[in-house]
Amino acid sequence: MPINKIEMKSINNRIALTFFLLLFTSVITSAQEIIKDSVIVPIKKTQSTGKQKIDGVIATVGDYIILDSDIDKSYLEISAGGGSVKDITRCQMLGKLLEDKLYAHQAIQDSIVVTDSEVKGMLEERLTYMVGQIGSLEKVIQYYKKDSEEEFRTYFSDILKEGKLTSEMQKKIVDEVEITPEEVRNYFKTIPKDDLPFFGVELEVAQIVISPKVSEEDKKKVIDKLNEFKKEVEEGASFSTKAVLYTQDPGSKSNGGYYKMTRKTPFIKEFKEVAFSLQEGEISAPFETIFGYHIILVEKIRGQERELRHILLTPTVTEQALKEAKEMITLIKKRIEDKDITFAEAARTLSDEKETRANGGALINPQTQDTRFELTKMDPTFYSQVSNLKENEISAPILDQGEEGKKKFKLITVTNRIDEHAADYAKDYIKIKALALKNKQITAIGKWFDEKIKETYVKIIGEYRDCTFTNNWLKK
């Protein structure tokens, strides 16, 4: 059933506020945290008499309480992350805290588990970042006005655990939302012509990749090292410590190679297959992915969920191998320009990139799952490589280090250029589907709040009962 304009406006207002205040959660979980020397909280807690108000409970949501000082802490966290707090009222901040508490409360009711080891890993990663920003652990503790490292760790662990419960509950809600082609069509029809989304210049891009060859001897060295790690762990050594010291995976190094995953988690196929073939406590044999060679230890199995640790080692690439790869890709470029072979044929038969070979080297935009890349939203490095290419022009060989950390050479060509235009249902279906799905997810979140607030014990005390909230916290 189409959503009318009044309903859409109401939903958009609700979500605009939610995402605006979501800065608070982002500060806790984002790696972009920047700690400033001083923070000014814009609103003081004073009564009309001028006396300082005694801190106390101002709201209860299920098993959670909110203190008046929690609002000030929220301002502090946003400012610590470089955000502006001048336009956020105390009522709005309380509204966001109420939402977070309801998410966390319901996550526990729904048996969503956040383990102590998971929280510890997040804390160590965050603490390392904050110390790097501010200079020392002592300064971090002082900044958060804590008397000891133990008090700080307890305080921040509680924040991280609650934030993780919140994000997992949010994810559960939106993951259950699906959309049909008919719903996409109806959504598009509700958008007035003057309000249609406008898409900038887009490019369709293809590439050919040649990776330097690694010698069998270097591969064997890595496999032998991983087998050595496996044997030492089976004899009592700490897998986590080995991962911290030796893994070449930057995403898990600081927390001992730890990951939590289900079959839907976006890990590469080979990694998933091994992870789900192991029993609890079992360590895999070394296996290969595009990132290098791994071993996996499965620590916990909870239904369809695995808690695991892994160690990644990548064989060394020699300068001679790099030179040979560059010579190879230069020769491919010459053959294409001499019309001895087309770019698509060369990609299908000569490229080392399995993911793009079958479709002639065409790249898929990971954000949209479409073949189009909007020029203004490109990664800066990718933008510099393609923005000046004319249609069907081939780039010079580019030395690239991909997400997997491996050096490789590539040729890039622009196969199609789409000029800026208003949304067209047929041409832009994938983007319109994403907008329609997001709109439906927003509606689902709003409905979830309406239902759970009715089912949950919620109490707001004192002057905050005069606040105007987006959600019906006062149950009027």
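These legends describe close-up views of a predicted model.

**View 1. Confidence along the protein chain.** The protein chain averages a pLDDT of 85. At least 70 is the score of 87% of the residues. Residues 1-52 have a pLDDT below 50. In the model, this stretch has 90 contacts beyond near neighbours in sequence. Where pLDDT is low, the predicted coordinates should not be read in detail.

**View 2. An open sheet of three strands.** The strand order is E2-E1-E13, and the pairing is antiparallel. Strand E2 (64-67) and strand E13 (458-460) stand at the edges. Each has a single partner strand, so one side of each has no neighbour in the sheet. From one strand to the next, the twist averages 20°. Strands of a sheet pair through backbone hydrogen bonds, either parallel or antiparallel.

**View 3. Strand E1 beside strand E13.** Strand E1 covers residues 57-61. Three bridges join E1 to E13, and the two run antiparallel. Look for Thr60: its bridge partner in E13 is Lys459.

**View 4. Helix H5 from end to end.** Helix H5 spans residues 116-134, a run of 19 residues. From its first C-alpha to its last, H5 reaches 26 Å. That is close to the 27 Å expected at 1.5 Å a residue. The buried residues of H5 are Glu118, Val119, Gly121, Leu123, Arg126, Leu127, Met130 and Ile134.

View 5. Thr115 caps the N-terminal end of H5. A side-chain oxygen of Thr115 lies 3.1 Å from the backbone nitrogen of Glu118. Glu118 is also one of the buried residues of H5. Gly135 follows H5. The phi of Gly135 is positive, near 115°.

Notes:
Residues numbered from 1 in each chain as written. Predicted model: local features only at pLDDT ≥ 70, side-chain atom pairs only at ≥ 80, totals over all residues. Heavy atoms only, no water. Pairing = 2+ DSSP bridges. Helix = DSSP H or I, 4+ residues; strand = E, 2+ residues; numbered from the N terminus. Axes fitted to C-alpha atoms, helices over the stretch in contact; angles between N-to-C directions. pLDDT = per-residue confidence, 0-100. Contact = heavy atoms within 4.5 Å. Expected span 1.5 Å × (residues − 1). Buried < 20%, exposed > 50% of the residue type's maximum accessible area, 1.4 Å probe, protein only. Polar contact = N/O pair within 3.5 Å; in protein donor to acceptor, adjacent residues only side chain to side chain.
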